[in-house]
Amino acid sequence: MSTLVIDGHPNPDSLCAALASAYADAHGDATVLAVRDLAFDPNLRLGYTHRQELEPDLELAWQQILAADHLVVVAPVWWGSVPALLKGFFDRVLLPRRAYRTKDNGLPEGLLTGRSGRVIVTTDSPWWYLPLVGDTTVKQLRTTTLRFCGIRSVAASRFGPVKGSSDAQRQAWIAKAARLGSADASRRPASDLGSSAASLSARPRA
């Protein structure tokens, strides 16, 4: 078992990409899955009325999600949500009867239980603005995506405002992401770290 860091920014040179890499490197037992590097159609063309077969990259991504005991999603705040690429990834991968199911009483039941999570977002807004408008991106990722799928313990970290930030400020944020990765790793039992280290080398790093 290990940690999967999902980098949801379309730009490989973005701050999000740097944060994801720093977190994973400091964690020591994490794989970065960069959604931008996957070959797939982000459009769930017929909704859930017909089966849309997963492309090989998406099937591999799903297997990585299943193998992880800690999921980290790194994304920018765009229009109070996430980039279309990341949203399309979730639409295609987190499928009914895989990531969740609908119970007989009509309520959803997450199927990715037994995992923890973290959401890392970057934003151009000042620190006081996100709570004012409801912190919609964090809510979407933490509550209506990860927790919806059964991942109950989800921490959230926010970095910004990015616009106008200095290189020194960005480096400080990257260093903080590394500290988060190290801290999250230290909270895991030593037996988990030992058992997953051997399997990590067999997993491709996106």
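**Exercise 1.** How many residues of the lining of the largest cavity are nonpolar, how many polar and how many charged?

*Solution.* The model is predicted, so local features need pLDDT of at least 70 and side-chain atom pairs count only at pLDDT 80 or more, while totals for chains, interfaces and linings use all residues. Residues are numbered from 1 along each chain as its sequence is written, and side-chain values use heavy atoms, without hydrogens and water.

Step 1. A cavity is a set of points, on a 1 Å grid over the protein atoms alone, where a 1.4 Å probe fits but cannot get out; lining residues have an atom within 4 Å of a point. Two cavities of 30 Å³ or more are found; the largest has a volume of about 70 Å³, the space filled by probe spheres set on points joined across faces, edges and corners.

Step 2. Its lining includes Ile6, Val73, Phe90 and Thr145.

Step 3. The lining divides into 10 nonpolar residues, one polar and no charged; Ala, Val, Leu, Ile, Met, Phe, Trp, Tyr, Cys and Pro count as nonpolar, Asp, Glu, Lys and Arg as charged, and the others, Gly among them, as polar.

Notes: 1 Å grid on protein atoms, 1.4 Å probe; cavity = no way out; pocket = protein on both sides within 12 Å on 5 of 7 lines; lining within 4 Å.
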